[in-house]
Amino acid sequence: MLRIWGRANSSNVMKLLVLAEELGLPFERIDAGGAFGRTREPDYLARRHAPDGGLYPADLREAADCDRWMDWQLGALNRPATVLLFTYCRTPEAERDWPATHKARDEAERLWAMLEARLAGRPWIAGQRFTIADIALGIYVHRWFNLPHARGEMPALRAWYERLLARPAYAKHAAGPIT
C-alpha cells in the first residue's frame, strides 16, 4: 500500500491525495510536517502509476504543457496564494499584514486571469481531459474562491472549479475547510 506522508491541510499533500484517489490507488496518509515533524519527499505518482497517459499525458507536447502549468503554480502562484492562506487562516487577526495581503491578492488575481484566458474554450488546463495540472492548480483555486477576499468575475475559472468539485477525489481531499 502506498504511504503518503504529510498533513491533510498541506496543498502539496492534497495534490497527492487527489491523484491517488483519481488513480484508484490504495493509500495510507501519515501525519508529517509542520507540528508533526518527520517529512519525506513523495514519489511522482502520475508517471509511476499511470504510464499509459492517464493523468499524465503520454504525448510529449501535452506532458510539457502539464509541466509548464505545474511549474507556473510553483514559481508564480504559490507565493501570493500562500500569503492569502496565512493571512486568513494561520495568522492571528491582530498580527495580519494587510498591505502585504492586498498586494498578494492583486498579484494572485492577475495570475488567475492568465489561467482564465487559458481555460476559455477548453474544459481542462491541458485541453480536453483532466490531468495532474488540474490537480496541482485545483488545490489553489478552492482557496481562491473560498477565502474571504474580493475577487473579480472569472467565468471560465469558476466553471473549471465547478468541474473539479464534481470529481469525488477532489471534493474529498481538496475542497474541504481551509486551515
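Trainee: What percentage of the residues in the protein is buried?
Mentor: Buried residues make up 45% of the 179 residues. Buried means under 20% relative accessible area, exposed means over 50%, and partly exposed lies in between, using a 1.4 Å probe and protein chains only. Keep in mind that this is a predicted model, where local features need pLDDT of at least 70, side-chain atom pairs count only at pLDDT 80 or more, and totals for chains, interfaces and linings use all residues. Residues are numbered from 1 along each chain as its sequence is written, and side-chain values use heavy atoms, with hydrogens and water left out.

Trainee: How many helices and strands are there in the protein?
Mentor: Seven helices and two strands. Both are DSSP runs numbered from the N terminus: helices are H or I with at least four residues, strands are E with at least two. Along the sequence, the pattern reads β-α-β-α-α-α-α-α-α.

Trainee: What makes S1 and S2 a pair?
Mentor: Two strands pair if DSSP finds at least two bridges between them. Strand S1 (residues 2–5) and strand S2 (residues 27–30) are joined by four bridges and run parallel, so they meet the rule. One example is Trp5, whose bridge partner in S2 is Ile30.

Trainee: And why is the β-α-β crossover called right-handed?
Mentor: The chain goes from S1 through helix H1 (residues 11–23) to S2. A crossover is right-handed if, with the strands pointing away from the viewer, the path from the first strand over the helix to the second runs clockwise. This crossover is assigned as right-handed.

Trainee: Why is Ile4 called buried?
Mentor: Ile4 has 3% relative accessibility, which is under the cut-off, so Ile4 counts as buried.

Trainee: What makes a group of residues a nonpolar core?
Mentor: A nonpolar core is a set of buried Ala, Val, Leu, Ile, Met, Phe, Trp, Tyr and Cys residues joined through side-chain atoms within 4.5 Å. The largest here has 42 residues, of which Trp112, Leu115, Ile125, Leu137, Val141, Leu157 and Trp160 touch the most other members. Elements giving two or more residues to this core include H1, helix H3 (60–90) and helix H4 (98–119), while the largest share, ten residues, comes from H5. A second, separate core of seven residues includes Leu2, Leu17, Ala20 and Leu25.

Trainee: How do you know that Trp112 counts as buried?
Mentor: Trp112 is at 2% relative accessibility, under the cut-off, so Trp112 is buried. Trp112 lies in helix H4. Trp112 and Leu157 are 45 residues apart along the chain, and their C-alpha atoms are separated by 7.8 Å. Trp112 also touches Leu77, Tyr140 and Trp144, among others, not counting residues up to four places away in sequence.

Trainee: How many disulfides are there by the rule?
Mentor: The count is zero. A disulfide is a pair of cysteine sulfur atoms within 2.5 Å.

Trainee: Cys66 and Cys89: buried or partly exposed?
Mentor: Cys66 has a relative accessible area of 0%, so Cys66 is buried. Cys89, with 27%, is partly exposed because that value lies in between the limits.

How values were computed
Contact = heavy atoms within 4.5 Å.
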